[in-house]
Amino acid sequence: MALLELDRVGARYGPVQALHDVSLTVREGEVVAVLGANGAGKTTTLRAISGIVSRSGTIELEGKAVKGGPEAAAKSGIAHVPEGRGTFVDLTVTENLKLGAYTRRDRSVKADITRIAEYFPWMVERGAQRAGTLSGGEQQMLALGRALMSRPRLLLLDEPSLGLAPLIVREFFRIVRELNEKEGLTVLVVEQDARIALKASERAYVLEVGRVALTGTSDELRGDESIRKSYLGY
Amino acid sequence: MVVAAFSDFMQQIVSGLASGGIYALLALALVIIHRSTGVINFSQGEMATLSTYIAWTLITNHGWSYWPAFVATLVISFGGGVGIHRVVIRPVERGSVLRIVIVTIGLLVAINGFVIWQWGGEPQQLQSPFGTDTYDVGGVVVAAHDIGTLAVALGIVFLLWLLFQFTKVGLALRAAAVNPEEARLTGVRVTWMLALGWGLAATLGAVAGMLTAPTVGLDPQMMQAVLIYAFAAAILGGIDSPLGAVVGGLILGVLLNMLSYLSQYGVFDWFTEELRLPAALLIILVVLLVRPTGLFGKPEVKRV
């Protein structure tokens with residue numbers, strides 16, 4: 001069964017229609033990539049899912065309609081790591097992690113910080129450090145750690161590679177894969193760097209001016225040279 | 001003579017700290033709203049005056065004793081602050097800063113008008129909960145009201161610090177203030193956090209008002225000068241820094257008293273009471289010119 005289902009979703013910024021009839025599905029336990037050039041509507045797709053932009057069409061998480069603003073999306077189990085990190089620079093590392101657990105009412109938040117420290121040991125050691133003083137790569141990792149603190153049903157990652165060194169990007173995607181394999185984390189990742197995103201994902205959608213231009217398994221897309229050249233730019 | 005001068009000096013310090021504590025509370029209210037809504041709330045002083053009249057009514061007309069009236073006034077003010085945000089500020093919040101500023105100026109006029117209409121312009125007396133006693137501490141005469149004022153102000157600041165630093169709602173308040181978009185993505189209901197900020201600011205104002213009234217007398221214009229001092233304190237400390245607001249308030253209170261004190265002894269003898277307010281305005285101007293981020297403010301960090 002599809003965990004996330006978008007059916008003919010449109011979105012607009014004022015008079016500008018940024019998405020037209022985008023339909024896509026993400027199954028439980030999958031890593032799915034959304035690729036495309038600048039302005040193709042990748043970020044808008046994620047923003048539509050979280051309710052940051054006004055949207056049309058239907059979006060369902062586990063068969064239930066996702067409605068309302070980002071607060072409601074967060075509550076229903078969607079963790080969205082926005083473009084350009086998404087850490088609270090004035091807050092400490094620990095506070096960022098605690099904020100990730102904001103929608104939770106249970107008392108195991110502390111235990112979860114320890115669990116997340118298995119992936120990012122430095123987050124406990126440097127818990128009192130202000131997030132603004134971290135490096136770009138560390139901030140991106142912290143944004144991921146914070147998203148995990150909500151115990152999400154679905155993780156949305158928006159351009160995690162943006163502005164990071166290739167080595168750090170690889171490390172980031174390695175951790176995402178590990179989380180997917182070990183904890184069954186379901187991920188929908190938007191990336192401009194098609195090469196790395198196709199390596200990390202099982203399936204992918206390619207957007208072009210706000211529409212789904214093609215879709216397939218990541219291996220298919222990688223293997224087809226004409227697709228790579230005309231859509232993915234490598 | 002020297003001993004007398006010293007004890008007089010210490011008295012001025014203590015009473016400076018007491019008025020500084022009041023400036024600090026109101027400055028903190030300004031900072032909380034500036035951090036969340038992004039504007040100076042020009043109606044902050046009138047909101048405090050209204051709260052103080054409510055306390056006065058409970059005590060004088062309904063026979064309440066001071067502390068229950070104090071607590072009830074805090075609760076009412078908190079609700080009023082939340083209400084003002086929901087009803088008046090929220091509809092214009094997405095517009096330009098200027099629109100919100102104009103709305104707060106409108107609130108200033110409206111609340112002031114309401115207070116005069118309801119209670120008249122005659123000054124009233126609000127008792128000090130600390131009485132009019134003075135204590136002699138090693139030759140230094142200190143007023144119970146001053147000590148009480150400082151204690152209450154610092155106590156409230158401490159409670160607020162606990163709230164912001166160690167509670168979940170405090171964390172959400174800070175997150176919503178610095179980064180509303182991302183706070184929403186983590187599930188924080190930002191509009192309610194902003195309303196909560198207005199509620200807290202109104203509550204701080206209420207405390208400031210109730211501590212001010214016993215010394216200057218309760219009248220509809222009571223908090224107008226205090227608001228200017230609070231503004232100077234907030235600018236001095238850094239308009240986005242809660243710690244700065246408190247330190248700025250205390251410094252300003254002592255500084256202004258020192259000027260008055262020195263003028264008695266022939267230094268700055270041109271400095272009269274009438275110059276206190278212009279001095280505060282001068283501080284605002286100098287800080288904005290020389291160090292716009294204030295003592296504790298951080299220069300805005302931009303991601304590149």
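Chain A contains an open sheet of 4 strands in the order 2-1-4-5, with antiparallel pairing. Two strands count as paired if DSSP finds at least two bridges between them, and strands (E, at least two residues) and helices (H or I, at least four) are DSSP runs numbered from the N terminus. Strand 2 and strand 5 (64-65) of chain A stand at the edges with a single partner strand each, so one side of each has no neighbour in the sheet. This is a predicted model, in which local features need pLDDT of at least 70 and side-chain atom pairs count only at pLDDT 80 or more, while totals for chains, interfaces and linings use all residues. Residues are numbered from 1 along each chain as its sequence is written, and chains are lettered from A and ligands numbered from 1 in the order in which they are written.

Within the sheet, strand 1 (residues 2-13) and strand 4 (residues 55-61) of chain A pair in the antiparallel sense over 6 bridges. A:L4 has A:L61 of strand 4 of chain A as its bridge partner. Helix 1 (residues 42-49) of chain A packs on the sheet and touches strand 1, strand 2 and strand 4 of chain A; the direction of the helix makes about 70 degrees with that of strand 2 of chain A. Axes here are lines fitted to C-alpha atoms, for helices over the stretch in contact, and angles run from 0 to 180 degrees between N-to-C directions. Contact between two residues requires C-beta atoms, placed from the backbone, within 7 Å.

The loop between strand 4 and strand 5 of chain A holds A:E62. Most residues other than glycine have a negative phi. The phi of A:E62 is positive, near 50 degrees. With 15 C-beta neighbours inside 10 Å, A:E62 counts as partly exposed; a residue is buried if 20 or more other C-beta atoms, placed from the backbone, lie within 10 Å of its own, exposed if 12 or fewer, and partly exposed in between.

Another residue with a positive phi, near 45 degrees, is A:E159, found in the loop between strand 7 and helix 7 (166-183) of chain A. A:E159 has 21 C-beta neighbours inside 10 Å and therefore counts as buried. Strand 7 (residues 154-158) of chain A includes A:L157, which is buried with 30 C-beta neighbours inside 10 Å. Apart from neighbours within four places in sequence, A:L157 is in contact with A:V81, A:V187, A:V189 and A:V190. A:L157 and A:V34 are 123 residues apart in sequence but 10.0 Å apart in space, C-alpha to C-alpha.

In the loop between strand 2 (16-27) and strand 3 (31-36) of chain A lies A:E30. A:E30 counts as buried, with 20 C-beta neighbours inside 10 Å. Leaving aside neighbours within four places in sequence, the contacts of A:E30 are A:T186, A:E202 and A:R203.

The next topic is chain B. Strand 1 (residues 134-137) and strand 2 (residues 140-143) of chain B pair in the antiparallel sense over 4 bridges, with B:Y135 opposite B:V142. These strands of chain B form a hairpin with 2 residues between them, and B:G138 in the turn has a positive phi of about 55 degrees.

Two packed helices are described by the angle between their axes and the distance between the axes. Helix 8 (residues 190-216) and helix 9 of chain B pack at about 120 degrees, with their axes 10 Å apart. Helix 8 and helix 9 of chain B are therefore oblique to each other; angles under 35 degrees count as roughly parallel, over 145 as roughly antiparallel, 65 to 115 as roughly perpendicular and the rest as oblique. The contact involves B:A208, B:G209, B:T212, B:A213 and B:V216 of helix 8 of chain B, and B:M222, B:M223 and B:V226 of helix 9 of chain B.

The axes of helix 9 (residues 222-237) and helix 10 (residues 242-264) of chain B come within 7 Å and cross at roughly 120 degrees. That makes helix 9 of chain B oblique to helix 10 of chain B. Residues in this contact include B:Y229 and B:G237 of helix 9 of chain B, and B:G244 and B:L252 of helix 10 of chain B.
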